[in-house]
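Here are my notes on the model, as promised. Keep the viewer open while you read, and go through the points in any order you like.

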Amino acid sequence: MVDRSGTPLVELRDISISFGGIKAVDSVSVDLYPGEVVGLLGHNGAGKSTLIKCLSGAYQKDSGEVLINGKPVEINNPRDARDHNIETIYQTLALADNLDAASNLFLGREIVTPLGFVNDAKMEAETRKIMGRLNPNFRKFEAPVSALSGGQRQSVAISRAVYFNARILIMDEPTAALGVQETKMVADLIEELRKDGIGIFLIDHDIHSVMQLCDRASVMKNGQLVGTVNVDEVTEDDLLSMIILGKAPEKAA
Amino acid sequence: MSQAEPAATGADTPRRNLLAQLEIDTRLLGMIGAFIVVCLVFNVLTDGRFLTPRNIFNLTIQTVSVAIMATGMVFVIVTRHIDLSVGALLATCSAFMAMTQTVYLPQFFGIEIGNPLIPWITIAAGIGVGVLIGCFHGWLVGYLGIPAFIVTLGGLLVWRNVAWFLTNGQTIGPLDAGFLKLGGINGTMGETWSWVFGLVAAAFSLWALFSARRNKISHDFPVKPMWAEVALGAIVSGAILGFVAILNNYEKPARVLAREFEARGLTMPEGYTEAYGIPFSVLLLIAVAVVMTVVATRTRLGRYIFAAGGNPEATELSGVNIKNLTIKVFAIMGALCAISAVVASARLTFHTNDIGTLDELRVIAAAVIGGTALAGGIGTIYGAILGALIMQSLQSGMAMVGVDAPFQNIVVGTVLVVAVLIDIIYRKRIGD
Ligand SMILES: Nc1ncnc2c1ncn2[C@@H]1O[C@H](COP(=O)(O)OP(=O)(O)OP(=O)(O)O)[C@@H](O)[C@H]1O
Ligand SMILES: [Mg+2]
């Protein structure tokens with residue numbers, strides 16, 4: 001069980017953001033404790049990606065507060081998020097297709113030689129190391145990532161998030177393009193990372209895997225938070241009705 | 001997390017053919033092939049006048065100005081922008097530098113005409129102006145979100161006429177004697193120093209090949225077989241030394257030498273000969289090419305330029321400040337326009353209103369023929385320089401054969417379109 005007595009790793013308080021008058025996220029509050037996996041559920045367009053993008057620095061919230069380790073922080077861009085050890089795997093994967101796996105993995109954080117030049121050999125070696133752990137079948141180190149399959153691209157995006165010792169990991173449908181075996185590897189990875197005390201926000205449409213992997217689940221509908229539940233205390237049907245009907249079960253956490 | 005790919009291309013499969021063993025970019029090879037064909041055809045059509053040391057010398061100095069700007073255009077196009085104002089920007093920089101050396105410095109700063117500092121101050125000031133204007137373009141594009149096509153189309157009109165105002169529409173000259181040394185034939189290294197340079201450059205390329213190999217071995221990466229490495233080294237150093245030998249074979253005409261001796265108060269000894277060697281302007285182009293290649297392939301800036309061309313959103317999400325990057329790219333373009341302005345005006349020995357007219361088209365064509373993809377993300381510095389050389393060879397060759405100017409332009413325009421078509425077909429074939 002996750003210890004939720006201390007201060008949360010992340011607290012999002014009353015986050016709102018709208019696009020052209022439409023409230024994509026409407027006063028949503030969620031929190032995350034060290035070593036915890038919180039699932040974000042909801043129909044397409046519910047506002048899940050938009051909410052976590054306010055935490056990863058891709059969007060700027062209109063109102064609300066972000067607290068990390070209990071301290072309010074300003075996250076205005078992806079660099080700010082990285083400074084707080086927040087790593088994100090975006091739904092769109094966010095890779096530069098024309099560059100190889102190593103260049104993508106280290107994009108924005110290249111290893112440089114003492115003279116300040118990028119050290120491609122070292123970066124490729126590091127990429128081979130982390131890939132050897134996450135996806136031993138990966139071979140295409142020289143090719144641009146446009147030449148990779150959807151799953152291979154996904155493994156590049158995942159290894160990028162894992163490599164830099166995140167404290168807070170955001171995974172937006174990380175298994176969307178993966179096969180059965182590879183999905184299992186991501187599940188194992190999440191388990192391993194959580195043991196290291198990393199907090200994970202996991203967006204996933206598969207209720208079954210959310211029940212398995214997550215400690216709590218927050219459900220959104222039309223930009224609003226329906227409720228947050230301990231997955232141990234609810235059934236898959238409860239979650240389903242929260243997603244579809246937008247009704248929290250009587251005993252919400 | 002992906003399917004196993006037993007027969008994947010990549011480091012672990014045995015190399016299939018010779019080209020793969022040499023790890024030579026087939027695209028580069030195709031361009032060199034096209035260049036050689038152009039040269040040979042014109043050499044036949046001109047009864048051997050095309051491939052003389054004299055003509056090769058002229059060809060290289062004519063290429064320099066466009067080639068320098070083309071290297072910057074690679075960055076601009078790779079980041080999915082375009083710069084239509086480079087010819088006009090060149091004119092503004094040229095006008096400013098002409099005024100600086102003939103009017104501003106002597107009149108306002110009391111630096112007499114002929115002072116050895118004049119060329120240096122002038123060039124520094126010119127580059128400053130180029131960078132400033134480039135930054136301004138980049139700011140309009142990056143921060144205000146105006147498409148580069150529009151910003152630089154406006155710039156084309158603005159800077160061409162700013163140049164006019166700087167000089168009141170007059171031709172400014174003669175320019176400073178030191179400044180003229182960067183124009184081509186008026187400033188060359190001479191035979192001995194050209195050989196020294198050639199040997200150093202050859203040695204440096206061999207060292208670079210060797211250290212790249214050592215670096216790969218130290219990380220346990222596969223390396224190409226030793227014979228391939230040796231062959232590549234031989235080709236590269238042979239090409240460098242061959243180029244130097246050709247330029248060292250172009251001898252100064254007797255009357256030029258006689259004038260040089262006269263200027264020093266001496267008489268020329270009987271039978272004395274001297275070769276031009278490598279022009280300083282070509283040296284400048286080589287320096288620009290090396291620096292730009294290092295920036296493109298070895299620095300973070302270069303990495304971000306290519307990443308932004310491949311996927312701007314992803315690059316931004318990776319923490320790169322794209323707006324700032326846009327400013328940097330246009331600033332580099334501006335600096336290179338100023339450097340080209342030095343070469344172009346020094347070659348003419350004066351500044352004219354129409355200097356650099358239509359250069360934007362030549363520069364874009366050179367970059368595109370050289371393999372820069374207008375969709376962004378792909379391009380090389382050496383490709384752009386080779387593209388400039390191919391264009392210039394076509395133009396000079398046709399002029400030598402006596403093709404009328406309008407027909408020359410028809411051919412060059414057609415070549416541009418066909419080159420891009422071939423590139424598209426090529427990329428489809430290799431599945432890029
Ligand atoms: N940049 C944007 N501009 C305008 N509208 C946007 C933008 N980003 C998101 N939206 C809108 O905000 C709403 C929430 O989108 P969001 O991507 O957060 O949904 P989601 O819950 O992640 O859905 P999915 O499960 O399909 O990924 C949608 O109505 C979407 O159209
Ligand atoms: Mg989403």
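1. Is A:N222 buried or exposed? A:N222 counts as exposed, since its relative accessibility comes to 51%. Keep in mind that this is a predicted model. You'll find A:N222 in the loop that joins strand 9 (216–221) to strand 10 (224–230) of chain A. Have a look at the backbone there too: A:N222 isn't a glycine, yet its phi is positive, about 50 degrees.

2. Now go to A:N69. This residue has a positive phi of about 50 degrees and is not a glycine. A:N69 sits in a loop of chain A, between strand 4 (63–68) and strand 5 (71–73). With a relative accessible area of 44%, A:N69 is partly exposed; the cut-off for exposed is over 50%.

3. A:Q154 belongs to helix 5 (residues 150–163) of chain A, and at 3% relative accessibility A:Q154 is buried. What does A:Q154 touch, leaving aside neighbours within four places in sequence? The contacts are A:L93, A:E173, A:P174, A:T175, A:A176, A:A177 and A:L178. A:Q91 is 63 residues from A:Q154 in sequence, but C-alpha to C-alpha the two are 9.5 Å apart.

4. A:S103 is the other one. A:S103 lies in helix 3 (residues 101–105) of chain A and counts as buried, at 7% relative accessibility. Along the chain, A:S103 and A:F141 are 38 residues apart, while 9.9 Å separates their C-alpha atoms.

5. On to the cores. The largest nonpolar core holds 89 residues, and B:I68, B:M73 and B:F75 have the most contacts inside it. Helix 14 (residues 322–348) of chain B supplies the largest share of this core, with 15 residues. There is also a second, separate core of 49 residues, and A:M131, A:L189, A:I190 and A:V226 are among its members. As background, nonpolar side chains in soluble globular proteins tend to be buried together.

6. Skip the neighbours within four places in sequence, and B:I68 is in contact with B:L284, B:L285, B:V288, B:L336, B:I339, B:S340 and B:V343. Among these, B:L284 and B:V288 are in helix 11 of chain B, while B:L336, B:I339 and B:V343 are in helix 14 of chain B.

7. How do helix 3 and helix 14 of chain B run relative to each other? Helix 3 (residues 53–78) of chain B crosses helix 14 of chain B at roughly 175 degrees, and their axes come within 8 Å. The two helices are therefore roughly antiparallel. On the helix 3 side the contact includes B:I61, B:V64, B:I68, B:M73 and B:F75, and on the helix 14 side B:V329, B:F330, B:L336, B:C337 and B:R347 are among the partners. By class, the residues of this contact are 16 nonpolar, 5 polar and 1 charged.

8. Helix 11 (residues 280–298) of chain B also packs on helix 14 of chain B, at an angle of about 170 degrees and with the axes 11 Å apart. This angle makes helix 11 of chain B roughly antiparallel to helix 14 of chain B. B:S281, B:L284, B:V288 and B:M292 from helix 11 meet B:I332, B:L336, B:I339 and B:V343 from helix 14. The contact has 7 nonpolar residues, 1 polar and no charged ones.

Key:
Residues numbered from 1 in each chain as written. Chains lettered and ligands numbered in written order. Predicted model: local features only at pLDDT ≥ 70, side-chain atom pairs only at ≥ 80, totals over all residues. Heavy atoms only, no water. Core = buried A, V, L, I, M, F, W, Y, C linked by side-chain atoms within 4.5 Å. Buried < 20%, exposed > 50% of the residue type's maximum accessible area, 1.4 Å probe, protein only. Helix = DSSP H or I, 4+ residues; strand = E, 2+ residues; numbered from the N terminus. Contact = heavy atoms within 4.5 Å. Axes fitted to C-alpha atoms, helices over the stretch in contact; angles between N-to-C directions. Parallel < 35°, antiparallel > 145°, perpendicular 65-115°, else oblique. Nonpolar A, V, L, I, M, F, W, Y, C, P; charged D, E, K, R; others polar.
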